[in-house]
Amino acid sequence: NPGLGIVFGVPVTTKLYRALQQAQYGVGSTCDGADTTACVPSLTSSQIRSLYSQSVADWSVFKNSAGTSINAIATDPPADTGVRICRRVASSGTQASYETYWLNERCNVLGTVRPFAQPDDSSTIDDTVYSPNQFADGSLVNAAPSSGNVRTCLSSANTGDFWGIGVLSTEVTDSNYNSGNAGFRFVAVDGAAPNVVNVANGDYDFF
């Protein structure tokens, strides 16, 4: 009997999620600040690859259809538009899944792809290099030994007024997610939200 093991998603800090909604649906629209499936903002696969590989390291590169940077549209823009990344350590199966799916990294020995973002202390990538306040010192990448650490990392980045992207499977949510207080949300990929319906329909294949 075929079964579904797990659906992986692309979590971003809540303030970035809101800014993407404003850029894609309009400031003051019915989707501005909404947490409904119809109002999930989307990033393209190529945008996500550029973020995870640090080919793009500043959110101001992302623009709406009129060519305006999303940080210029957002009603709550960050003071620092550098891309923060909350990832897992190298020994994590979730991390391996992201590296393989997005960058073909662990399948490609020819070095033709840019590697997944390395933590600032890459010498200890197999160890705990997580610190909830690490981004305050100007670092960009934080590796965490658990999904709980990644959730806290995203929430800390959100509270610290940084826009960030993470690595999480979709069954992992903040305890306050349904009340609207979580520090992260999952974006859609190429227009498809990461849920079982889209997996069943063949619209979302990162599972």
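**Entry 1: the whole chain**

I began with contacts (heavy atoms within 4.5 Å), and I found that residues 24 or more positions apart account for 63% of the contacts in the protein chain with a separation of 6 or more. I noted that this is a predicted model, in which local features need pLDDT of at least 70 and side-chain atom pairs count only at pLDDT 80 or more, while totals for chains, interfaces and linings use all residues. I also noted that residues are numbered from 1 along each chain as its sequence is written, and that side-chain values use heavy atoms, with hydrogens and water left out.

I then listed the helices (H or I, at least four residues) and strands (E, at least two), which are DSSP runs numbered from the N terminus. The protein chain has six helices and seven strands, and along the sequence they follow the pattern β-α-β-α-α-β-α-β-α-β-β-β-α.

Next I looked up burial, where buried means under 20% relative accessible area, exposed over 50% and partly exposed in between (1.4 Å probe, protein chains only). Of the 207 residues in the protein chain, 49% are buried. The accessible surface (Shrake-Rupley method, 1.4 Å probe; for residues, only the protein chains shown count as cover) comes to about 9200 Å², and carbon and sulfur atoms hold 48% of that surface.

**Entry 2: aromatic rings**

I counted rings of Phe, Tyr and Trp (its six-membered ring) as a pair if their centres lie within 6.5 Å, with planes under 30 degrees apart called stacked, over 60 edge-to-face and the rest tilted. By this rule I have 11 aromatic pairs. One of them, Tyr 52 with Phe 116, is stacked, at 4.9 Å centre to centre and 25° between the planes. Tyr 52 belongs to helix α2 (residues 45-52) and Phe 116 to the loop between α4 (93-103) and β4 (141-144), so I recorded a link between distant parts of the chain, 64 residues apart. Tyr 52 and Phe 116 are both buried.

I then looked at Tyr 98 and Phe 206, an edge-to-face pair with 4.9 Å centre to centre and 80° between the planes. This pair also links distant parts of the chain, for Tyr 98 is in helix α4 and Phe 206 in the segment after α6 (196-200), 108 residues apart. Both Tyr 98 and Phe 206 are buried. Ring pairs join Phe 8, Tyr 52, Tyr 98, Tyr 101, Trp 102, Phe 116 and Phe 206 into a cluster.

**Entry 3: helix α4 and its ends**

Which residues of α4 are buried? I listed Thr 94, Gln 95, Ala 96, Tyr 98, Glu 99, Trp 102 and Leu 103. Their cover includes β1 (8-13), α2, β3, β5 (162-166), β6 (168-169) and β7 (184-189).

I followed the chain back to Ser 92, which lies in the loop between β3 (80-88) and α4. Ser 92 is buried, with a relative accessible area of 5%. Ser 92 caps the N-terminal end of α4, with a side-chain oxygen 3.2 Å from the backbone nitrogen of Thr 94, and the side chain of Ser 92 also reaches the backbone nitrogen of Gln 95 at 3.1 Å. Just after α4, Asn 104 takes a positive phi of about 55°.

**Entry 4: strands β3 and β4**

Finally I checked β3 and β4, which run parallel and are joined by four bridges, where two strands pair if DSSP finds at least two bridges between them. Ile 85 stands opposite Val 141 in β4. From β4, Val 141 and Ala 143 point one way and Asn 142 and Ala 144 the other way, and all are buried.

Notes. A polar contact is a pair of N or O atoms within 3.5 Å; within protein, one must be able to donate a hydrogen and the other to accept it, and residues adjacent in sequence count only if both atoms are side-chain atoms.
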